[in-house]
Amino acid sequence: MNKIKHFTLLALLSTIVSSCGNTSAVSEKELKLQNGGFETGDLTGWSATGDAFSDVSVQIADSSGKKHRVEGEFYLDSGVLGRFKTGTLKSDTFTLEGNGLIGILLGGVRDKSLCYVSLHETATNEELARVTNNHFNTLVPVRTLYRHTLNASSHIGKEVYLNIVDNDSSDNDGSFILVDDIVLDFKGSNDIGTLIQDARDYTSKYKGEVKNTYRHQYHLMPTIGWMNDPNGLVYHDGLYHLFYQHYPYAGHWDSMHWGHAVSEDLIKWIDAEVALAPDTSTDKLGVFSGGAISGKDGNLHLMYTSVGEGGVQQQGLATSFDGYNFSKRNDNPVIGSGQRAGSRITDFRDPYVYKLGNTYYALIGGKLEGPGGQLILYKSNDLRTWTTVGVTYASTLTGPGMFECPNIINIAGSDIILSSPQAVRHEAKDTYQNIHSVTYQIGEIDYTTGIFTNDYGHDYMQELDKGFDFYATQAISHNNQNIMVAWMNMWSRNYPSAVDGWVGAVTLPRDLSLVDGHLYQAPLKAITNYYTNEVVVSEKTLVNTSESLPFAGKVLTFKANIDVSELGNGRAGFEVFKSPNEATRIYYDASEEMVVFDRRNSGLKLTSADDDGELNVRYAKVSPNSDGIITLELFLDVSSVEVFINDGYYTMSGVVYPSTDSTNITFFSEEGTATLKSLVKHDIEVK
Ligand code: FRU
């Protein structure tokens, strides 16, 4: 509530400041519509026809009303007498003066053609303009009021009146209209910019045209268009919210928006419509990655990197009262380029925001003027004023790149920094084979200096996932789980689903644990709630041969223990997404003591946009346990495979584009003997 006031105050102040230079503004008279905010507590100044409106329609903005952004003490609700009732409420006649813009707070409105506010010429009754609540969404509390503008600037000087119309006779949620604070000569701004509205409209209009061929069934994906990094993973008001870098208009990266989805359990997601668009002067080149935090004020706050003229990167704050519609602060940036602590002005981005005690912290990535990158820590008491704590970590390891998308998570008393250093490349075939990587470092942050002391030496970092498609993590601790997700793609690759109208997904959420200086990843337990059709495969030993497993499919998981003690220098494992001419191979190669993920013959070919080295084979160095067992747990989802090796010691994530009929799964051994000790498979059905 204070925040609402604060925003109104800021808007007012900026109106005053901007009109100060204009001497004629001083003499402007205040234009008012009689009882435009229903502050008389009844329908004075209005006349009703039909049976939807009477004095009892004017509601007191008590605790529930205030929460939904009512102005003053009263507001109008056409549903009080019954949602199914219909009618019209006509205002007094007035002369349209000033700028011709009429600001109106609107809520409810399931059907825009039936509930609206229209402006009419008194002499002819002709309708001149109309406005309705554009924010109706069953996910959003329908009783929240949003500022709208009725634009009648081409009718200045005319005698006019307003009609508040409710012609919706159904009894559904939202089949009513809420109205408040009708302001003539309106000078404020809309809550939701037109670029957001454009993105939302485009999404709902064209989402049906996206082709399903390769779309996942239990991974979060954009409804339409492109996604890269997940942003702002947060638990707020009983739901997980996850945002993501998003370009709705095509299957490639372009001017960055923030997409948004919500979930009760991080597995089943509901699209919550675009949350941020590049619509202010400091972010017109893009709203880049960042974090989210559920504030002390009960609101949801996003901190993002704004990219303005010349590529200048600074950090902005946007706030939402309802969790779905965000207002950027008028005084953004909240961390400007003056606080970039030696980072290049065009490479200072990706705030990760978190709270310890009563203090908010933000960790931000930067590229140094010379080689290498750094992470810088900031703190704040109110999310608006930030002071620099210090450089947490700097290193030349990234060569020409920077540390993108840092996260901090504390596990078992250790501070763990996850980050995405660009361009760390190694010769060894099992490390840093992608153009960019996700790494983690274990140690302790000194919150007085900001300095991170690494338990294993300054530059020691380990690669988090050994596969192809894994970048830009979001990690939070919640509900006794250390939840981590990542973008299940990689830069510099051409993904074949672009022609289908979408690209990008978020990995299966994983629960991190720390054992002896190593991060283990387990699939989040909630996924088991969607397991169906269990198949248990009995023990079998294969010598240089392969055998189809007694199940097939593309949306399933299985966990297998393979005894490789008799394998010699051979190979044993699985072919999935298999048909006579193609297969994706995941197996243990005893001669190298590595698990191999081979997608060279998986289906449609991936190509590199940047001559990115070997694109289609990855290796993870692991040892069998003391009983000679290698454990492989695979998650297949139409066009992706995530492998958890030896109970999450390593993971390998990758996308593949198999043909429709590539649904078979085989177990094989080559040049040796392997025993499948146990295997349990489940289909995964998320509806
Ligand atoms: C990482 C990244 C971020 C940036 C975003 C832009 O993948 O490069 O550093 O904020 O993507 O979309």
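Guide: Here is the ligand site, contact by contact. This is a predicted model, where local features need pLDDT of at least 70 and side-chain atom pairs count only at pLDDT 80 or more, while totals for chains, interfaces and linings use all residues. Residues are numbered from 1 along each chain as its sequence is written, and side-chain values use heavy atoms, with hydrogens and water left out.

Start with the shell: 13 residues surround the ligand, counting a residue if one of its heavy atoms lies within 4 Å. The closest are Asp-229, Gln-245, Arg-349, Asp-350 and Glu-404. By type, the shell splits into 6 nonpolar, 3 polar and 4 charged residues (Ala, Val, Leu, Ile, Met, Phe, Trp, Tyr, Cys and Pro are nonpolar, Asp, Glu, Lys and Arg charged, the others, Gly among them, polar).

Now the polar contacts, meaning pairs of N or O atoms within 3.5 Å. The side chain of Asp-350 puts an N or O atom 2.6 Å from a ligand oxygen. For Gln-245, the side-chain N or O atom is 2.7 Å from an oxygen of the ligand, and a polar side-chain atom of Trp-491 is 2.8 Å from a ligand oxygen. On its own the ligand has 320 Å² of accessible area, and the protein covers 95% of that (Shrake-Rupley method, 1.4 Å probe).

As for where the shell comes from, strand 12 (225-236), strand 16 (286-294), strand 20 and strand 24 each give two or more residues to it. Strands here are DSSP runs of E with at least two residues, numbered from the N terminus.

Note on methods. A polar contact is a pair of N or O atoms within 3.5 Å; within protein, one must be able to donate a hydrogen and the other to accept it, and residues adjacent in sequence count only if both atoms are side-chain atoms. Helices (H or I, at least four residues) and strands (E, at least two) are DSSP runs, numbered from the N terminus.
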